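Please read these comments with the model open beside you.

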Amino acid sequence: MRLKDKVSIITGSASGIGFAAARKFAAEGAHVMVCDLNCDLVDAAVEQIRTAGGSAQGYVMNVTDRASIDAMVADVKARYGRIDVLVNNAGITQDARLVKMTEAQFDTVVNVNLKGVFNCAQAVAETMLAQGSGAIVNTSSISGLYGNFGQTNYAATKAAILGLTQTWARELGPKGVRVNTVAPGSIATPILDTVPNNVLEGIKQACWLRRVGQPEEIANVYAFLASDEASYVNGATIEVSGGVSI
Ligand code: NAD
């Protein structure tokens with residue numbers, strides 16, 4: 001078990017990639033904190049993990065709300081006394097071309113995808129530094145690496161994740177805390193539900209594996225970066241896209 005007893009907070013883990021990660025981490029022996037907005041979905045995710053024999057706790061929280069993050073972190077510390085892993089997975093899209101994008105769309109996506117990552121990392125950093133160990137895994141996107149039509153707000157936040165990651169890798173690395181990023185390509189989750197079929201077909205053809213990815217294929221890389229197998233990986237961005245950029 002690669003994550004045996006690692007106390008792991010995963011944001012946005014009641015659905016999609018985050019839920020696949022929660023299941024994977026639990027299967028690898030971690031104590032998983034399922035953190036998401038919706039109480040029913042959190043409860044269902046925790047139940048499923050426990051039924052499969054895993055260890056999970058549910059937290060209804062919002063990465064834009066410092067009080068809800070602090071309450072979750074305080075409870076995790078009271079329960080386990082440590083925090084080994086933070087996966088900053090929660091993210092949203094609100095797509096529009098530059099000329100159509102509203103200020104509200106821009107601000108909302110920045111608040112969740114960028115400030116939310118800052119909020120959560122800051123909430124766990126002191127604990128990890130005091131322990132002298134920890135791993136933070138951030139979630140970017142191929143939109144952040146290469147830009148994407150209609151995603152001014154989303155691409156900007158996902159590009160910014162690389163800056164945060166490399167800064168934190170420098171600040172926290174000397175104290176034993178590694179910080180890395182996964183940049184997924186197009187993955188079959190609810191976030192793709194709004195993509196029209198013809199666009200989806202184009203996405204598959206642009207990928208050298210001629211398909212979209214599965215949430216588990218991202219979860220596997222999160223798990224690697226969170227594990228001690230990645231002990232010399234710090235400040236890295238791993239693109240997991242089936243090779244769209246080659
Ligand atoms: P998803 O919509 O299935 O899941 C995202 C989860 O985050 C949801 O459960 C949602 O409730 C939660 N969430 C949203 N806002 C939140 C908030 N403010 N606080 C707490 N939780 C919040 O999406 P997904 O496809 O699983 O995406 C997961 C991550 O992967 C995101 O960061 C996304 O940008 C990134 N990503 C996804 C794809 C893709 O094609 N699916 C591609 C590249 C990157």
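The points below take the helix before the salt bridges.

1. This is a predicted model, in which local features need pLDDT of at least 70 and side-chain atom pairs count only at pLDDT 80 or more, while totals for chains, interfaces and linings use all residues. Residues are numbered from 1 along each chain as its sequence is written, and side-chain values use heavy atoms, with hydrogens and water left out.

2. Helix α8 covers residues 215–226; helices (H or I, at least four residues) and strands (E, at least two) are DSSP runs, numbered from the N terminus. Its 12 residues should span 16 Å, and the end C-alpha atoms are 17 Å apart, which agrees. The expected span is 1.5 Å times one less than the number of residues.

3. Among the buried residues of α8 are Ile-218, Val-221, Tyr-222 and Leu-225. Buried means under 20% relative accessible area, exposed over 50%, and partly exposed in between (1.4 Å probe, protein chains only). The buried residues of α8 pack against α1, β4, β5, β6 and β7.

4. The whole structure holds nine salt bridges, each a side-chain nitrogen of Lys or Arg within 4 Å of a carboxyl oxygen of Asp or Glu. One joins Asp-228 to Lys-6, with the closest N and O atoms 3.1 Å apart. Asp-228 lies in the loop between α8 and β7 and Lys-6 in the segment before β1, so the pair ties together parts 222 residues apart in sequence. Asp-228 is exposed at 54%, whereas Lys-6 counts as buried at 16%.

5. Glu-28 forms a salt bridge with Lys-24 (3.1 Å, N to O). Salt bridges that share partners join Arg-2, Lys-24, Glu-28 and Glu-229 into one network.

Definitions and conventions. Contact = heavy atoms within 4.5 Å.
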